[in-house]
Number of protein chains: 2
Amino acid sequence: MQHSATDISAILAKADIKPSVQRIAVLRYLLENRCHPTVDDIYRSLSVEMPSLSRTTVYNTLWLLAERGAILSLDIERGNTHFDYAECPHAHFRCNKCGAIYDIPLTHTCVGLSDARFHVDSINVYYTGTCKKCFNPNSKIKIQNNQH
Amino acid sequence: MQHSATDISAILAKADIKPSVQRIAVLRYLLENRCHPTVDDIYRSLSVEMPSLSRTTVYNTLWLLAERGAILSLDIERGNTHFDYAECPHAHFRCNKCGAIYDIPLTHTCVGLSDARFHVDSINVYYTGTCKKCFNPNSKIKIQNNQH
DNA sequence: TTACAAATTTGTAATCATTACAAAGTTTAA
DNA sequence: TTAAACTTTGTAATGATTACAAATTTGTAA
């Protein structure tokens, strides 16, 4: 799916973030790559067309977007934060074998929390285990990547 | 609550882990400190009585226990894994202001996943936001710690 | 346009949790 | 007793993330 700079600027505006070339590029990447990329995935990919891009800018932009609720940060793999443009809330499944992260509709679950002790900002649900591709006991092939 | 070495050895045995002085100490710490400590919390605390203890041993023991299902590792704070001896499954709430992590009974939620695509090993549910202590808008005091 | 302040980006140098690894110590079982 | 297997220890990487200051870009008022 293509996303114009105007579309993307509108999303930024809604999050009260001024559009810059770098911020548009990062958000566009997330819109067009729904594979839950890491900072490094994003940085390396954008660097090809934008060699002056700094890793720090990617970090700054991602945390800003996440803070304003425009994207989600997923702490689903130890030591590697993944990012997700999430139109509607959903859960995730991460395969321990191949590392792939799948989206799970939240209709399967009901995870509201009404507890007077807390003012809830975010709900995070994730599962880990083995995906079907990796579960076949006859298969000896183990693939390790995040793109599926 | 006190826990004898025998009690703790029984938990280790159930997880098919041989008891050693170090492993018993780490597991005992988790049993007696239900505050979701980090590796460093555990290491620093145990070091007082056990000066020869190595941080690597604490890591090895915690991952071994988590791998065998005897304890939970919580990726609830970026860059700092917390650990939890969990008798029965429950969710967590982490306050963004003070860092405290609270237990939430899972009766509030229903998070089973029956999806033919996946063989589920673990279910992780956590909330973030502001806890009641920190939510008072008149309070100017911001405390940053994990022990509550 | 010019000038200046504010915001943003960049690159480098820390920081810090975690892991790798090999040497030393301990346990087990024949 | 002995050797293999297991465990612990300490040190040295690794690698994601952050701090920070200089450079660049943007917005705005004259």
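1. By class, the surface near DNA strand D has 4 nonpolar, 11 polar and 3 charged residues, where Ala, Val, Leu, Ile, Met, Phe, Trp, Tyr, Cys and Pro count as nonpolar, Asp, Glu, Lys and Arg as charged, and the others, Gly among them, as polar. The 18 residues that surround DNA strand D have Tyr59(A), Thr81(A), Ser20(B), Thr57(B) and Arg78(B) as the closest, a residue being near a strand if one of its heavy atoms lies within 4 Å of it.

2. This is a predicted model, in which local features need pLDDT of at least 70 and side-chain atom pairs count only at pLDDT 80 or more, while totals for chains, interfaces and linings use all residues. Residues are numbered from 1 along each chain as its sequence is written, chains are lettered from A and ligands numbered from 1 in the order in which they are written, and side-chain values use heavy atoms, with hydrogens and water left out.

3. On DNA strand D, a sugar or linking oxygen is 2.9 Å from an N or O atom in the side chain of Gln22(B), and a phosphate oxygen is 3.2 Å from a polar backbone atom of Ser54(B). Two or more residues of the surface near this strand come from each of H4 and strand S2 (80-84) of chain A, and helix H2 (21-32) and H4 of chain B; helices (H or I, at least four residues) and strands (E, at least two) are DSSP runs, numbered from the N terminus.

4. Around DNA strand C there are 18 residues, of which Ser20(A), Thr57(A), Arg78(A), Tyr59(B) and Thr81(B) come nearest.

5. Between the protein chains, 35 residues of chain B are in contact (heavy atoms within 4.5 Å) with 35 residues of chain A. The count of salt bridges (a side-chain nitrogen of Lys or Arg within 4 Å of a carboxyl oxygen of Asp or Glu) is 0 between chain B and chain A. On the side of chain B that touches chain A, the largest share, 14 residues, comes from S5(B).

6. Strand S5 (residues 118-131) of chain A is joined to S5(B) by 13 bridges, and the two run antiparallel; strands pair if DSSP finds at least two bridges between them. Within this pairing, Asn124(A) has Tyr126(B) as its bridge partner.

Definitions and conventions:
Polar contact = N/O pair within 3.5 Å; in protein donor to acceptor, adjacent residues only side chain to side chain.
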